[in-house]
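Visitor: I would like to learn how to read aromatic pairs and nonpolar cores in a model. Please show me the structure and start with the terms.

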Amino acid sequence: MNADTACTDPHHHVHDGDAFVHEVERACEQRGLRLTPIRAHALRLIADAGRPMKAYDLLDQMKATHDAAAPPTIYRALDFLLEHGFIHKLASINAFVGCHHPGGAQHAVPFLICDSCQSATELEDERIVDLLEARARALGFVPQAQTLEVHGMCADCVTAKAAKA
């Protein structure tokens with residue numbers, strides 16, 4: 001993750017790819033999980049991208065160093081990283097981003113996705129998640145997962161657009 005990647009809670013954000021991968025390695029060791037070289041490489045590419053990354057873009061980059069990289073290999077790596085909360089999937093754009101606190105418990109996180117520059121901000125506000133869950137339960141609904149993605153334009157793109165006008 002680049003230092004300029006938006007984060008709403010800087011105390012939980014791993015700011016660079018090395019630190020991010022190291023945090024995931026530490027979490028895997030603590031949980032008895034195996035971070036294979038392919039999984040670690042996929043994680044590194046996602047972390048270094050600094051923006052949401054699609055699976056086939058990841059595949060193209062992995063083929064440069066892993067001749068055996070194929071769609072099933074990439075999807076298995078992504079499934080592992082998703083299952084253990086190290087990355088998030090942005091369903092509306094079918095892309096993946098690193099979790100801002102990969103060593104913690106799995107959690108629901110709303111995202112702000114810029115349709116101009118394709119950045120994604122992990123909106124770390126438990127009130128939003130709690131409110132959605134409470135409203136669902138009040139209606140007799142038992143939530144099992146949450147995906148909240150808000151599309152629009154980030155502050156940098158709004159500023160750049162205003163400067164051009």
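Guide: Burial comes first: a residue is buried under 20% relative accessible area, exposed over 50%, and partly exposed in between. The model is predicted. Tyrosine 75 has a relative accessible area of 33%, so this residue is partly exposed. Tyrosine 56, at 46%, is also partly exposed.

Visitor: How is a pair of aromatic rings described?

Guide: By the distance of the centres and the angle of the planes. A search of the whole structure finds 2 aromatic pairs. In one of them, the ring centres of tyrosine 56 and tyrosine 75 are 6.4 Å apart and the planes stand at 70°, so the pair is edge-to-face; the cut-off for that class is over 60 degrees.

Visitor: Which helices hold tyrosine 56 and tyrosine 75?

Guide: Tyrosine 56 is in helix H3 (residues 55–63) and tyrosine 75 in helix H4 (residues 71–83). The two are 19 residues apart, and the pair links distant parts of the chain.

Visitor: Why is the pair of phenylalanine 80 and phenylalanine 86 called tilted?

Guide: Planes under 30 degrees apart count as stacked and over 60 as edge-to-face, with the rest tilted. The planes of phenylalanine 80 and phenylalanine 86 are at 45°, with the ring centres 6.3 Å apart, so this pair is tilted.

Visitor: Are phenylalanine 80 and phenylalanine 86 buried or exposed?

Guide: Phenylalanine 80 has 8% relative accessibility and counts as buried. Phenylalanine 86, at 0%, counts as buried too.

Visitor: What lies over the face of phenylalanine 80?

Guide: Arginine 39 does, at 3.8 Å from the ring centre.

Visitor: Now the cores. What do nonpolar side chains tend to do in soluble globular proteins?

Guide: They tend to be buried together. Here the largest nonpolar core has 26 residues, and Leu43, Leu58, Leu78, Leu81 and Phe86 touch the most other members. Helix H1 (17–31), helix H2 (37–49), H3 and H4 each supply at least two residues of this core. H2 gives the largest share, 6 residues.

Visitor: Which residues is phenylalanine 86 in contact with, leaving aside neighbours within four places in sequence?

Guide: Among them are Phe20, Val24, Leu43, Phe80, Leu81 and Pro102. Arg31 and Gly98 are also in contact with phenylalanine 86.

Visitor: Where does threonine 121 lie?

Guide: In strand S4 (residues 120–122). Threonine 121 is buried, with a relative accessible area of 14%.

How values were computed: Residues are numbered from 1 along each chain as its sequence is written. This is a predicted model: local features need pLDDT of at least 70, side-chain atom pairs count only at pLDDT 80 or more; totals for chains, interfaces and linings use all residues. Side-chain values use heavy atoms; hydrogens and water are left out. Rings of Phe, Tyr and Trp (its six-membered ring) pair if their centres lie within 6.5 Å; planes under 30 degrees apart count as stacked, over 60 as edge-to-face and the rest as tilted. Helices (H or I, at least four residues) and strands (E, at least two) are DSSP runs, numbered from the N terminus. Buried means under 20% relative accessible area, exposed over 50%, partly exposed in between (1.4 Å probe, protein chains only). A charge sits over a ring if NZ of Lys or CZ of Arg is within 6 Å of the ring centre and within 35 degrees of the ring normal. A nonpolar core is a set of buried Ala, Val, Leu, Ile, Met, Phe, Trp, Tyr and Cys residues joined through side-chain atoms within 4.5 Å. Contact means heavy atoms within 4.5 Å.
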